[in-house]
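The sequence and structure come first, and the points are then grouped by topic.

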Amino acid sequence: MEDTGFYFKQTCPKIQKGIDEAVELLRKSMKLGEEIFPNLKFKEQPDKRRDVRTAIIISLFKELLERIDGILILLEKHSTLNANIILRSYIEISFDLRIILKNQGRKMALYYMLDKRADTLEKDMVAGTDITAGIQDIIEFIATNSELVEIQNLSIVSPKDILNKIGNKKWCKFGYNCTEYKTSEDKIFYKYLCKETHGENSMGDNFYRDDRFELRALRFPIHYEVIVCLVTDYMLKIVTLLKDEFELDEIYLNRADNIFELAKNILYDLEKRVTRE
């Protein structure tokens, strides 16, 4: 591989083949998601607006596809560092969606909605926006949803009162099926992506060698194989849960599994892996 300066120039045919294969798998994941999406239908009829849980599931799955699309666009341009930033968001959405799907009934979905609403109001308050009406909406929301038994008598003056109770992912403890937000495996990947997102990799990628300061070239496609593997892995996990929730055809799960297996083939092929010499 050859670094030609400001932008990285790919000169290894096997690595380029691996990148092309990874991009194609992301396209297949997007296509799969597009085909699954129309099958995610509201269960409560005729008042679809009251089916909060299904609305959240549909919304979060659409967000997942939005993130895959962004990662795909960046990987086409070999911009893996920026793709990792979106990948972290993709995995966070996967965590939220996984917990909602694993918990039947409205309760978990209602707590999720409340957490997001309170978080938004807190940011509005810091920005100087009047949130009086928003606080009143939250009080009424809690009062009209008897499932929120843990906070029915909570005194609410500011969004912090709610966030202290259910924020920082504590909302996922109140479902019928108590679920850890991250597994031990999740935490490993997530910690790495947080470092990338916050620029903590900078001095590792840009460093002195033989008394000369070297900078990583832009669009250096390192870890592209990890990106596509994580995307397809979490897609498979979500499709598995969606299949049970919406009684999807087995073919969708088979396709997700096949895409993930192909991604693993790229991951384990050392000749297709980018390294910094």
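Does K272 count as buried or exposed? At 13% relative accessibility, K272 counts as buried, where buried means under 20% relative accessible area, exposed over 50%, and partly exposed in between (1.4 Å probe, protein chains only).

The model is predicted: local features need pLDDT of at least 70 and side-chain atom pairs count only at pLDDT 80 or more, while totals for chains, interfaces and linings use all residues. Residues are numbered from 1 along each chain as its sequence is written, and side-chain values use heavy atoms, with hydrogens and water left out.

**Fold and overall composition**

- The protein chain contains 10 helices and four strands; helices (H or I, at least four residues) and strands (E, at least two) are DSSP runs, numbered from the N terminus.
- Along the sequence, these elements follow the pattern β-β-α-α-α-α-α-α-α-α-β-β-α-α.
- Of the 277 residues in the protein chain, 46% are buried.
- Among contacts (heavy atoms within 4.5 Å) between residues at least 6 apart in sequence, 74% join residues at least 24 apart.
- The protein chain has an accessible surface of about 14700 Å², and carbon and sulfur atoms account for 52% of that area. Accessible areas come from the Shrake-Rupley method with a 1.4 Å probe; for residues, only the protein chains shown count as cover.

**Nonpolar core**

- The largest nonpolar core comprises 84 residues, and those with the most contacts inside it are I36, F61, L87, Y90, W171 and L242. Such a core is a set of buried Ala, Val, Leu, Ile, Met, Phe, Trp, Tyr and Cys residues joined through side-chain atoms within 4.5 Å.
- Helix α9 (residues 224-246) supplies the largest share of this core, 14 residues.
- Not counting residues up to four places away in sequence, L87 touches I71, L193, I227, L230 and V231.
- L26, in helix α1, is buried, with a relative accessible area of 0%.
- With neighbours within four places in sequence left aside, the contacts of L26 are I68, I71, L72, L75, V228 and V231.
- L26 and I68 lie 42 residues apart in sequence, and their C-alpha atoms are 7.1 Å apart in space.

**Salt bridges**

- The structure holds 20 salt bridges, each being a side-chain nitrogen of Lys or Arg within 4 Å of a carboxyl oxygen of Asp or Glu.
- R98 and D186 form one of them, with the closest N and O atoms 2.6 Å apart. This pair links distant parts of the chain, R98 being in helix α3 (residues 80-102) and D186 in helix α7 (residues 184-197), 88 residues apart.
- R98 counts as buried at 9% relative accessibility, and D186 counts as buried at 0%.
- K31 and E35 are bridged at 4.0 Å, N to O. Both residues lie in helix α1 (residues 13-36), four residues apart, about one turn of the helix.
- K31 is partly exposed at 45% relative accessible area, and E35 is partly exposed at 29%.
- K272 meets D269 in a salt bridge of 3.8 Å, N to O; D269 is partly exposed at 25% relative accessibility.
- A network of salt bridges links K17, E21, D269 and K272.

**Cysteines**

- The count of disulfides is zero, under the rule that a disulfide is a pair of cysteine sulfur atoms within 2.5 Å.
- C12 is partly exposed at 21% relative accessibility, whereas C229 is buried, with a relative accessible area of 9%.

**Surface patch**

- F6, Y7 and L218 form a nonpolar surface patch with about 330 Å² of accessible area together. Patches are made of residues with over 30% relative accessible area and no salt bridge: like charges are joined within 9 Å, nonpolar side chains (Val, Leu, Ile, Met, Phe, Trp, Tyr) within 5 Å.
- F6 is placed in the loop between β1 (2-3) and β2 (8-9) and counts as exposed at 60% relative accessibility.

**Backbone angles**

- Most residues other than glycine have a negative phi.
- H223 has a positive phi, near 70°; this residue is in the loop between β4 (212-214) and α9 and is partly exposed, with a relative accessible area of 27%.
- E247 also has a positive phi, near 55°; E247 lies in the loop between α9 and α10 (250-268) and counts as exposed at 72% relative accessibility.
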